[in-house]
Amino acid sequence: MSARPTIDVSELPHHGFDTLDPVWWGNNGLLVIESSMFAILITTYFYLRQNIQPWPPPLGQLTGPLNALPDLTFGTANVALLLFSLLPIVLVDLSARRDFRVGAMAGLVICLLLAAVAIVFRAYEFPAVKFRWDANAYGSVVWFLLGMHLAHLLTLTMETLLLTIWIFKRNFDMKHRLDLTALAIYWYWVVGMWLVIYCVIYISPRVL
Amino acid sequence: MRDDDKRAQTQDHVAEAAAADYRRTMEQTWARPHGLYGFLIETDHKIIALRYIVTAFIFFLLGGIEAALMRVQLARPENHFLNPDLYNQVFTVHGTTMMFLFAVPIMTALGIYLVPLMVGARDVAFPRLNAYGYFVYLIGGLLLYIAFFLNTGPDAGWFSYVPLSGPGYSPGKRVDIWAQMITFTEISGLIGAIVIIGTAFKMRAPGMSIHRIPLFVWAQVVTSFMILFAMPAVMLASGFLASDRLVDTHIFNPAEGGDALLYQHMFWFFGHPEVYIIFIPALGFVSSIIVTFSRRKIFGYPVMVLSLVSTAFIGFGLWVHHMFATPLPQLGQSFFTAASMMIAIPSGVQIFCWIATLWGARINLRVPLLFVLGFFAIFVLGGLTGVMLASVPLDLQIHDTFFVVAHLHYVLIGGSVFPLFGAFYYWFPKWTGRLLAEGLGRLNFWLMFVGFNLVFFPMHQLGLQGMPRRVYTYLPDTGWGTLNLVASIGALILALGVLVFLINVFRSFRVGEIAGDNPWGADTLEWSTSSPPPDYNFLYLPTVQGNYALWTQTSETPIVIGLSAKKRETLVTSVVDAVPELRFELPGPSIWPFCVALGTAEAFIVGIFTPWAFVVGAVLVFAALFGWFWSDPDYENLKVIGAADKASSVERPTRLQPEKA
């Protein structure tokens, strides 16, 4: 058999952080898809706004203020909560990178609790819109915005739950440390997207 | 025998035994599962791609039958072959089938089969996700056709405009079935895009830097990025439509502040990139075929890549040309006229580069190249009528007439289906190990070419004479009868061409000429392995030393060793320069993609009838995802950064070391 030059890759590692990992690319591709979806949803919000003056539409002739702006309470609470949740998730992210299991466990538990509260707050945000989804186009599009983001909150919570169970019950292995950094990116995205949607739903009708 | 010779002989025996052991171990590690359960857990990209191809081709035939039904009905005025309601369903299902169930999936399929092989990988980057994508596509197609056969197929056109498709004017569940089928096919398309991007970016052979990537792979990557940005728009549009119908949202209801035109914007923001999603992979086929059959490097490789990218970008700026007949401001419309004309430039540049490649080359005019020449003729005609339609004044006259039907079929069939058939003839030997018959192939081509032009060329004139689209019949004194009859006869000839193709395929499966590894003398890496490829694609992963891998390969071109044969290991390399980075373990067969697909199916099918289906579906999907990600314990007992795998003589061939001079 004649010899053929070779490249020996047996010394290469099995895992790498961030752009080394194909899963990083897959995850970020999924986030591009979801961002496109939200971009079009937000465009829909502003498109429909052209049709309805005043925006939001009046609640009713004799009941309360003419403009039914959404109540700021729970939406703003969620902004504060989700911004605060960046602390534990950064802890998780850094702990995963530095092989600090206790930090990751603590961070994940706090994240789970915060996510659960955020979901409860979201449940109160829907009535705060003051219109049902079937009342008019304003109600429909705002419920869609809140609902699609809620879907992401739920998925995020489920993913956190799975990883928390794994980290507690099994070992703090490399593959799952990488998964934690992927979870962190998803978490940052969900928070960032909420800031944008919060501005669209709660701020834009008040300032624009 | 001298001691040196004995030692060398022993070493040879050891090396051969080690190599044979290595091959056997690889075959065991990558062995495919069997039986019905094996079908459900399969993750091999080649098998999944072939499933996509077969399924999509069956949908192509069904769509063709629907077309034939329409041509029979329209062959003469005041025909009674199809009643109006059935005709509405037939043209809706024809368009929906061709666009969503045939065209995009089959382009994805060829990418899923060939991209890993062309970049020198063992499988796609995400095999289980790939499997899930196929199941979701199949379920969506079945949903549409079961409904159609139960006389509850959608009937509001393949794009299903509101208000016709809204709750006010389309009672029942026909449109809901359409809307949810969209969800399935778009999820499948998006998944395919993620899979292709991950594979093409991170799993290329060492040395396949970014300027050495085959144009086929470039086309697939560009298409995948278009999919990421375009498909969410139609998912939202169909989602809004479904919710308007099911739970009384008012996104498209003008009476409550909604907007019917918004649907058109949203749909066509997807719809125009969609046709480029269908077209751009075909440009990849054409480049592959022209390079092989002219035995020349492509003229202007960087320009070809930039043309693909700029076509994709400009393609996102055209959508309003489907809405010229709406009361949108003229200044805005004229922007889209400009963009719609501008997009002809990169396509034109590509055609000139291909002509330059062929010019003066020693051309091997086999059937694949014949289909590419057919593409040139037909697509250019379609592109010209496209530039005509880009002009608002002309479009206002011929919008919604058969002129548009002629244009769209010239660009889609010419631009995508002809290259696709060329691709079938070109890659069939790789998939099956046998060549398709050359004579039957030529007959196939000419029947399709003549038949196609007979069907669709008269439609230009019919459109200019005012024949509208989507009418189930027409009056005799319009004078449209003759050209319609010609078109219907052409349809028969086109159908015969497809029949000849099927005969060729079935015959060649059994008695076709054995292909060998590289029957065409082609340059890309898939031709360096057997036909069909082994389960692991390449026994040792290749490296690449130039563009046109096999034409720049020498006996000094290295191969990759050191990947474990006991695990499904492939190589991960860097995005730009393809420098080896990781040994990546791919998951083996798994039932979880099928389970997630079932959960998805419950959500979106039962969701046609009640919104609570989504709650149940979410629970099912999350449960199945738990199973998916709760991975095999052995998976993590891999060495971390820096440590080396202890390779036994079974795993690493001893003799294939570089000879020390």
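In this predicted model, the contact between the two chains takes 56 residues from chain A and 75 residues from chain B. Together, chain A and chain B bury about 6,000 Å², and 71% of that area lies on carbon and sulfur atoms. The size of an interface is often given as the accessible area lost when the parts come together.

**Polar and charged pairs across the interface**
- Between chain A and chain B, 17 residue pairs are in polar contact, with both residues at pLDDT 80 or more.

**The side of chain A that touches chain B**
- At least two residues each are supplied by strand S1 (6-8), helix H1 (22-49), helix H4 (137-169) and helix H5 (174-207) of chain A.
- H1(A) gives the largest share of this side, 15 residues.
- By residue class, this side of chain A divides into 32 nonpolar, 16 polar and 8 charged residues.

**Strand pairing between the chains**
- S1(A) is joined by 3 bridges to strand S1 (residues 559-561) of chain B, and the two strands run parallel.
- A:Asp8 has B:Ile561 in S1(B) as its bridge partner.

**One residue of chain B: B:Ile41**
- B:Ile41 is placed in helix H2 (residues 35-41) of chain B.
- B:Ile41 counts as buried because its relative accessibility is 11%, and the cut-off for buried is under 20%.
- Leaving aside neighbours within four places in sequence, B:Ile41 is in contact with B:Pro33, B:Pro589, B:Ser590 and B:Ile591.
- From B:Ile41 to B:Phe375 the separation is 334 residues in sequence and 38 Å in space, C-alpha to C-alpha.

Note on methods
Residues are numbered from 1 along each chain as its sequence is written. Chains are lettered from A and ligands numbered from 1 in the order in which they are written. This is a predicted model: local features need pLDDT of at least 70, side-chain atom pairs count only at pLDDT 80 or more; totals for chains, interfaces and linings use all residues. Side-chain values use heavy atoms; hydrogens and water are left out. Helices (H or I, at least four residues) and strands (E, at least two) are DSSP runs, numbered from the N terminus. Buried means under 20% relative accessible area, exposed over 50%, partly exposed in between (1.4 Å probe, protein chains only). Contact means heavy atoms within 4.5 Å. Buried area is the accessible area (1.4 Å probe) that two parts lose on being put together, summed over both. A polar contact is a pair of N or O atoms within 3.5 Å; within protein, one must be able to donate a hydrogen and the other to accept it, and residues adjacent in sequence count only if both atoms are side-chain atoms. Ala, Val, Leu, Ile, Met, Phe, Trp, Tyr, Cys and Pro count as nonpolar, Asp, Glu, Lys and Arg as charged, and the others, Gly among them, as polar. Two strands pair if DSSP finds at least two bridges between them.
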